[in-house]
Amino acid sequence: MEFKKVVSERYACKKFDGRPVEAEKLAAILEAGRLAPTAKNLQEQRVYVMQSAEVLAKVDEITPCRYGAATVLAVAYDSANVFVYPGGKHDSGVEDAAIVATHMCLAAKDEGVESCWLNRFDPDEAARILGLPENEKLLMLLDLGYPAEGAGPLPNHASRKPLSETVTYM
């Protein structure tokens with residue numbers, strides 16, 4: 001799919017039909033995340049593919065927002081392997097994991113798979129329930145799948161502020 005079409009047509013799907021994502025499409029989505037840039041190329045992202053009924057039941061404990069997706073990715077980062085910015089107040093973990101997740105969202109759309117970025121959960125509690133290592137910080141969950149009948153973008157999906165309100169030339 002042409003890039004402009006991918007970014008304009010991608011939306012947060014909130015109603016999946018439960019069909020699993022084919023292995024080759026999932027591999028392409030995961031590869032897009034692997035190729036995402038990270039600070040100093042540290043590649044501190046950790047992606048967990050959740051598809052079993054047992055683990056998806058845990059996801060349902062964590063958030064009400066699985067929306068019937070048969071595949072959920074948990075995107076975390078290794079907090080012991082991040083670039084710390086000069087001044088020591090910030091590190092690259094969240095931004096690097098977000099870039100990885102964004103690449104996977106866009107790759108999903110390119111593969112004909114819808115997605116929904118989930119952040120309605122307590123990250124520490126979710127990491128505990130999923131059994132993530134203590135040094136890994138959970139950024140988000142990503143529903144993946146095929147839209148159910150009647151699914152589509154929310155009514156305000158195409159509403160965007162003009163560039164003049166969000167961009168400043170200096």
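Trainee: Is Glu31 buried, partly exposed or exposed?
Mentor: Glu31 is partly exposed, because its relative accessible area is 31%. Buried means under 20% relative accessible area, exposed means over 50%, and partly exposed is in between (1.4 Å probe, protein chains only). Keep in mind that this is a predicted model: local features need pLDDT of at least 70, side-chain atom pairs count only at pLDDT 80 or more, and totals for chains, interfaces and linings use all residues. Residues are numbered from 1 along each chain as its sequence is written, and side-chain values use heavy atoms, with hydrogens and water left out.

Trainee: Which side chain meets Glu31 in a salt bridge?
Mentor: Arg34 does, at 2.7 Å from N to O. A salt bridge is a side-chain nitrogen of Lys or Arg within 4 Å of a carboxyl oxygen of Asp or Glu.

Trainee: Where do Arg34 and Glu31 lie?
Mentor: Both lie in helix α2 (residues 23-34), 3 residues apart, about one turn of the helix. Helices (H or I, at least four residues) and strands (E, at least two) are DSSP runs, numbered from the N terminus.

Trainee: How many salt bridges are there in the whole structure?
Mentor: A search finds 8. Among them, Asp78 pairs with Arg46 at 3.7 Å, N to O. Asp78 sits in strand β2 (residues 71-78) and Arg46 in strand β1 (residues 45-50), so the pair ties together parts that are 32 residues apart in sequence.

Trainee: And is Asp78 buried or exposed?
Mentor: Buried, because its relative accessible area is 12%. Arg46 is partly exposed, at 28%. Arg46, Asp78 and Glu136 are linked in a network of salt bridges.

Trainee: New topic. What is the volume of the largest pocket?
Mentor: About 160 Å³. On a 1 Å grid over the protein atoms alone, a pocket is an open set of points where a 1.4 Å probe fits, with protein on both sides within 12 Å along at least five of seven lines. Lining residues have an atom within 4 Å of a point.

Trainee: Which residues line the largest pocket?
Mentor: The lining includes Val7, Tyr11, Leu106 and His157. By class, the lining has 6 nonpolar, 2 polar and 2 charged residues.

Trainee: Last one. Why does Leu163 count as exposed?
Mentor: Because its relative accessibility is 64%. Leu163 lies in helix α6 (residues 163-166).

Note on methods: Grid points are joined across faces, edges and corners, and a volume is the space filled by probe spheres set on the points. Ala, Val, Leu, Ile, Met, Phe, Trp, Tyr, Cys and Pro count as nonpolar, Asp, Glu, Lys and Arg as charged, and the others, Gly among them, as polar.
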